[in-house]
Amino acid sequence: NATSFLSKSPFYLDKDPIYTAYYLNSLPKTTTNLNFEGLIQNNATALEPIMQQVANRFVDLEELDLSEDAIGNSDSETNTPKGIQALTTYLPQLKNLKSLKMNNCYGFIMPETETYFKNFSYAVGQLANISILDLSGTNLFYAKDLGNGFKESHNLTSVKLDRCWIGPSVSQWEGGVELFEGLTSHSNLTHLSASLNPIGINSL
């Protein structure tokens, strides 16, 4: 299988959607690894056409890296987190995805957008074939919903959740017991890292 890495691409994927679409379309359909780390810096809305194209073209994709990307910013006109919506829709369509990295991603959760992020948390947790999941340093997940998603999937071997619920995002830790209950359904789990989180506070 062909493998394509975009770690030091000479352009940001959220700057020119036409060129980005052309570039992705030039990659082999058999691509198994896409690295978008740090390539979506401002416009999370760009994830909508990008993820649609990824899901439709790269059906054999096994590894996806969205680390250091602005996945959680809301659209200025509709106040909707279009990037989160796109990931919630298209990540489950990547049936062969085994590794998902979204460490140190950023964005803002507002009261009116909480539901989008809760649905996103659940969708990421229930990805059926994921074995490696790295969400460390990304404060965009709700522990309860992520854990409920984990209960629906059973293939995780490595999970990194360091620094996911610190600072303003500590309220998203509420119901964190479900997070660990969900992880118990993964009998092949050999690595779990959840350092620097509010484990043990009353909301657990």
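Disulfides in this predicted model number zero, counting as a disulfide any pair of cysteine sulfur atoms within 2.5 Å. A disulfide is a covalent bond between the sulfur atoms of two cysteines. Cys105 forms none because its sulfur lies 10 Å from the closest cysteine sulfur, that of Cys164, which is too far for a bond. Cys164, likewise, is in no disulfide. Cys105 is buried, with a relative accessible area of 4%, and Cys164 is buried at 1%. Here buried means under 20% relative accessible area, exposed means over 50%, and partly exposed is in between (1.4 Å probe, protein chains only).

Residues are numbered from 1 along each chain as its sequence is written. As this is a predicted model, local features need pLDDT of at least 70 and side-chain atom pairs count only at pLDDT 80 or more, while totals for chains, interfaces and linings use all residues; side-chain values use heavy atoms, with hydrogens and water left out.

The helices come next. Helices (H or I, at least four residues) and strands (E, at least two) are DSSP runs, numbered from the N terminus. Two packed helices are described by the angle between their axes and the distance between the axes. Axes are lines fitted to C-alpha atoms, for helices over the stretch in contact, and angles run from 0 to 180 degrees between N-to-C directions.

Helix H1 (residues 17-26) and helix H2 (residues 47-57) cross at roughly 15 degrees, and their axes come within 11 Å. In H1, Thr20, Ala21, Leu24 and Asn25 meet Ile50, Gln53 and Arg57 of H2, where contact means heavy atoms within 4.5 Å.

Helix H4 (residues 114-125) packs against helix H5 (residues 143-150) at an angle of about 30 degrees, with the axes 6 Å apart. H4 and H5 are therefore also roughly parallel to each other. On the H4 side, the residues in contact are Lys118, Ser121, Tyr122, Val124 and Gly125; on the H5 side they are Asp145, Leu146, Asn148, Gly149 and Phe150.

How much of H5 is buried? Six of its eight residues are, so H5 is largely enclosed by the rest of the structure. The buried residues are Ala143, Asp145, Leu146, Gly147, Gly149 and Phe150. Their cover includes H4, strand E4 (132-134) and helix H6 (177-183).

Definitions and conventions:
Angles under 35 degrees count as roughly parallel, over 145 as roughly antiparallel, 65 to 115 as roughly perpendicular and the rest as oblique.
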